Amino acid sequence: MTRRSIGIIVNGVTGRMGYRQHLVRSLLAIRAAGGVPLADGTTVWPHLVLVGRSENKLREIAERHGLDDWTTDLSAALARDDVEIYFDAQVTQQREKAIRQAIEAGKHIYTEKPLAEDTAAALDLARAARAAGVRTGVVQDKLFLPGLRKLKRLLDGGFFGQVLSVRGEFGYWVFEGDWQPAQRPSWNYRAEDGGGIVVDMFPHWHYVLAELFGEVRAVSATIATHVSRRVDEAGQSYQATADDAAYAVFELAGGVIAQLNSSWCVRVFRDELVEFQVDGTEGSAVAGLRRCRVQHRAVTPKPVWNPDLPVTEEFRSQWTEVPDNEDFDNGFKVQWEAFLRHVVAGEPFQWDFLAGARGVQLAELGLVSAREGRRVEVPELAL
Ligand SMILES: NC(=O)c1ccc[n+]([C@@H]2O[C@H](COP(=O)([O-])OP(=O)(O)OC[C@H]3O[C@@H](n4cnc5c(N)ncnc54)[C@H](O)[C@@H]3O)[C@@H](O)[C@H]2O)c1
């Protein structure tokens, strides 16, 4: 069996996503499994070049995982011939500049979302990458969640009949940082540092809606900064300038209406941190990160509105669990494997920079809708 080593810069590896999901759960897990097998029998072996700002943190991570290739000099890493892929999990604001550098260096690029801070910049990156002939990818991890895979299976099998609507609840309480440390980095709550829940979550909602139910044709959003003061990692109180909740309606091609709440200021009375309810003429489903439950029209109860009587039905017990029927691997890892096969073997990969730019566009137009208090149509993006 031939082993094909591929040099990958992992920039932002000290961050939450860079470390846990991309380094540990994806790239190191791929190495632990022996690499990514290709159809021709070759195995792709990620050689990792850790890049970041802090020498100490990089050295510590490298030593912890038996790695020895790391640097604080991105330009030097990009100049190396044995590096073929640049990966970016830095804070969003640093991304565009670094990706531009990587395109100029002729590297293939895989990146966390959002691709850039605005649509014009995202499209520009997509065009520059195309002109340079490099392959691109943007993380769209939610598509690989077991709950959403099962939902997709139901859609493909025609379970719903005609899908009418989708309602989704995403969120949990993010601590303010005063009497208990916040569980998300403080830049998320400062607009001037690239924060905000719309910029963070609408790129996800874009690909989830487009791939499962139809392209988004219009958005109406109301946003809020519910918690206006927070305390940062250094214990300093700061003004939260970014939106921490968004209440949005998305109109999809084909007529489905999707209504999604995203909030870091909500306490969870749900089974999972995100849940989507899909109602169709033939049946309904509720899908979360891992679980998916269904109710067919044939077993749908007929509740009658009567506030004078206590509830007589146990509604939750009337739903049926969709079985896994397969092993679901970590979604970030599955997408990494697909991107590596795309780069090395030319296999198709649909989640490219243009797809990423559509996510950025939805966030941008969601903010326009909220700012101007109106429904905003979403024009088709093309290169
Ligand atoms: N796919 C997902 O589900 C998901 C979830 C959370 C975050 N993200 C994305 O991942 C990226 C990183 O988010 P995170 O939550 O890991 O953030 P984080 O703050 O934990 O990590 C940020 C990383 O960027 C580096 N960095 C580079 N320049 C910086 C600067 N000037 N200031 C601060 N940090 C700088 C940090 O050292 C660190 O390695 C963001 O773009 C975010 O949108 C994606």
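**View 1. Here is the ligand and its surroundings.** In total, 23 residues surround the ligand, and the closest are Thr14, Arg16, Thr92, Arg95 and Trp187 (a residue counts if one of its heavy atoms lies within 4 Å of the ligand). This is a predicted model, in which local features need pLDDT of at least 70, side-chain atom pairs count only at pLDDT 80 or more, and totals for chains, interfaces and linings use all residues. Residues are numbered from 1 along each chain as its sequence is written, and side-chain values use heavy atoms, leaving out hydrogens and water. Look for an oxygen atom of the ligand 2.8 Å from an N or O atom in the side chain of Thr92. The backbone takes part as well: a backbone N or O atom of Gly15 lies 3.0 Å from a ligand oxygen, and a polar backbone atom of Val91 is 3.0 Å from an oxygen atom of the ligand.

**View 2. Glu112 sits in a loop between strand E6 (108-111) and helix H5 (119-132).** Helices (H or I, at least four residues) and strands (E, at least two) are DSSP runs, numbered from the N terminus. Glu112 is buried but has no salt bridge, and Lys113, the nearest side chain of opposite charge, is 5.1 Å away. Buried means under 20% relative accessible area, with exposed over 50% and partly exposed in between (1.4 Å probe, protein chains only). A salt bridge needs a side-chain nitrogen of Lys or Arg within 4 Å of a carboxyl oxygen of Asp or Glu; for charge, Lys and Arg count as positive, Asp and Glu as negative, while His and the chain ends are not counted.

**View 3. Follow helix H5 from its cap to its end.** Asp118 caps the N-terminal end of H5, with a side-chain oxygen 3.3 Å from the backbone nitrogen of Ala120. The buried residues of H5, including Leu123 and Leu125, pack against helix H4 (92-104), strand E7 (136-138) and helix H9 (353-372) (heavy atoms within 4.5 Å). Just after H5, Gly133 has a positive phi of about 75°.

**View 4. Arg230 belongs to strand E10 (residues 229-231).** Arg230 counts as buried because its relative accessibility is 1%. Its side chain reaches the backbone oxygen of Val174 at 3.2 Å, and a polar atom of the Arg230 side chain lies 3.3 Å from the backbone oxygen of Phe175.

Terms used
Polar contact = N/O pair within 3.5 Å; in protein donor to acceptor, adjacent residues only side chain to side chain.
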